[in-house]
Amino acid sequence: MSFTETAEQTALRAAVAQLGASYGYDYMVDKARSGGDMAELYAEAGKLGYLGVNLPEAYGGGGQGMYELAIVEEEFGAAGCGLLMMVVSPAICGTVITKFGTEDQMGRWLPGLADGSEIMAFAITEPDAGSNSHRITTTARRDGDDWVLSGRKIYISGMDVANNVLVVARTEDATTGSLKPVLLVVPTDSPGLEYTKIDMDIISADNQFVVYLDDVRLPADALVGSEDAAIDQLFAGLNPERIMAAAFAVGMSRHALGKATAYAKERVVWRDRPIGSHQGVAHPLAQSHIEVELAKLMMQKAATLYDQGDHMAAGEAANMAKYAAGEAGVRAVDQAVQTLGGNGLASESGLGALIAASRVMRIAPVSREMILNFIAQFSLGLPKSY
Ligand SMILES: Cc1cc2nc3c(=O)[nH]c(=O)nc-3n(C[C@H](O)[C@H](O)[C@H](O)COP(=O)(O)OP(=O)(O)OC[C@H]3O[C@@H](n4cnc5c(N)ncnc54)[C@H](O)[C@@H]3O)c2cc1C
């Protein structure tokens, strides 16, 4: 076990941090407030090989692992311009297609996901299912060789920038009982597919959508993996999602704490000492720093286990990392705002805007409570209450 990153990982971290700094929080917030997206950063990150660092070399990727992709996510977050679609496109969709796609499907989709020229959204959440994915009703029905897909999805990130969306549906003969999902790649311009933007009180360049699927006709090879083993295939994408959500939260936390500590070193209101010399200011920042580092350590453990192929242990660690990073992130942003006093809520600080964004880390992609349920049952063996 080594707690030292390799020379390649250190170089990747430094290079991504440098690119992130050249865009930064101001770039993200300008895009968010003007209704734009972060296409320039996404494209540049793709061209430099950062987005596809986890994908196979044979399909344009870097041949590395989830550890490296998490480095990329964390460093962009720390620079103030975390890329939400990395959680979805190369991490969830790229992983599922790499593990379960045919050679033809890998050739069709992975190079674009790796170089950023294509983005794939991911849709599992439904208005009447929410945390309980077993209740999804979006249905894929066979019609000859084709699939015909109908249903509704909600809070789907990035439909406006995505070329395709990986939809989790259920087969028609399994509308009751336990989930029997199928995974279908659906072009976002398919006839019968529509989406509308949800107004969110989050300042973010990434938008969320309701997606309507009304008899969307798809060819047989829209199906990724086996029709009968999709639950395992789905979980193969969800561990990377949780690792990446933790990386996103760790990055955002570092960004907020960086701003707060810089301010606390400069701001003087009592005699000639900066406010950071008061323990009432310094200790909560130190505590937050410890919490963020602990969450990062669990995220790195999860990514390492995942890359070593220990998916059971990686699943437990990924859930713990996502929980810890979400909680640490909410507290880090809150403490950062407090450190700047009134300035913490001025738009110029960029911290007030993170309050709602940091709350997302407690809710998505899996809520704090559902992780606690999982740990209570899986790790502690406690009975299920729901
Ligand atoms: C910014 C954002 C981006 C998102 N992007 C995507 C995306 O790209 N694709 C996608 O498919 N989804 C996406 N989501 C959806 C996200 O995954 C869900 O919001 C999340 O899983 C929670 O589901 P829900 O909102 O329906 O809450 P609900 O399931 O309605 O839960 C509401 C509350 O009840 C609690 N609760 C529910 N059941 C239990 C229980 N058994 N025990 C204890 N507490 C419980 C929850 O923890 C939560 O606090 C996104 C959401 C947000 C906010």
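Trainee: In which sense do strand 3 and strand 7 (residues 208-218) pair, and over how many bridges?

Mentor: Good place to start. Keep in mind that this is a predicted model. To read a strand pair, look at the direction and then count the bridges. Here strand 3 and strand 7 are antiparallel, with eight bridges between them.

Trainee: Which strand pairs with strand 3 over five bridges?

Mentor: That is strand 2 (residues 139-143), again in the antiparallel sense.

Trainee: How many residues lie between the strands in the hairpin of strand 2 and strand 3, and which residue takes a positive phi?

Mentor: There are two residues between the strands, and G144 takes a positive phi near 65 degrees.

Trainee: And how do strand 2 and strand 4 (residues 164-171) run, parallel or antiparallel?

Mentor: They run parallel, joined by two bridges. For a landmark, find T139, which stands opposite R170 in strand 4.

Trainee: Let me zoom out. How many helices and strands does the protein chain have, and how is it divided into domains?

Mentor: Count 10 helices and nine strands. The division gives domain 1 (7-118), domain 2 (121-222) and domain 3 (230-379). For overall dimensions, the C-alpha trace spans about 80 × 50 × 45 Å along its principal axes.

Trainee: What radius of gyration does the protein chain have, and what would a compact globule have?

Mentor: The idea is to compare the chain with a globule of its length. With 386 residues, a compact globule would have a radius of gyration near 21 Å, and the protein chain has 21 Å, so the two agree.

Trainee: How many residues of domain 1 are in contact with domain 3?

Mentor: To read a domain contact, take each side in turn. On the domain 1 side there are 25 residues, in contact with 23 residues of domain 3. The elements giving two or more residues to the domain 1 side are helix 1 (7-34), helix 3 and helix 4 (84-100). Helix 3 gives the most, with 10 residues. By class, the domain 1 side has 16 nonpolar, five polar and four charged residues. The C-alpha centres of domain 1 and domain 3 are 20 Å apart.

Trainee: At what angle do the axes of helix 3 (residues 66-78) and helix 7 (residues 279-307) cross?

Mentor: They cross at roughly 145 degrees, and the axes come within 8 Å. From helix 3 the contact takes M66, Y67 and A70, and from helix 7 it takes M299, Q300, A303, T304, Y306 and D307. That makes six nonpolar residues, two polar and one charged.

Trainee: Last one, the ligand. Which residues around the ligand come nearest?

Mentor: Begin with the nearest residues, then ask which elements supply the shell. Among the 21 residues around the ligand, the nearest are T125, G130, S131, S367 and E369. Two or more residues of the shell come from each of strand 1 (120-123), strand 3 (146-157), helix 9 (352-363) and helix 10 (368-379). Sorted by class, the shell has 13 nonpolar, seven polar and one charged residues.

Trainee: Why does the ligand lie between domain 2 (121-222) and domain 3 (230-379)?

Mentor: Because domain 2 and domain 3 both give residues to the shell around the ligand.

How values were computed:
Residues are numbered from 1 along each chain as its sequence is written. This is a predicted model: local features need pLDDT of at least 70, side-chain atom pairs count only at pLDDT 80 or more; totals for chains, interfaces and linings use all residues. Axes are lines fitted to C-alpha atoms, for helices over the stretch in contact, and angles run from 0 to 180 degrees between N-to-C directions. Helices (H or I, at least four residues) and strands (E, at least two) are DSSP runs, numbered from the N terminus. Two residues are in contact if their C-beta atoms, placed from the backbone, lie within 7 Å. Ala, Val, Leu, Ile, Met, Phe, Trp, Tyr, Cys and Pro count as nonpolar, Asp, Glu, Lys and Arg as charged, and the others, Gly among them, as polar. A residue is near a molecule or strand if its C-beta atom, placed from the backbone, lies within 6 Å of it. Domain bounds come from an automatic or database domain assignment. Two strands pair if DSSP finds at least two bridges between them. The radius of gyration is taken over C-alpha atoms; the globule rule is 2.2 Å times the number of residues to the power 0.38.
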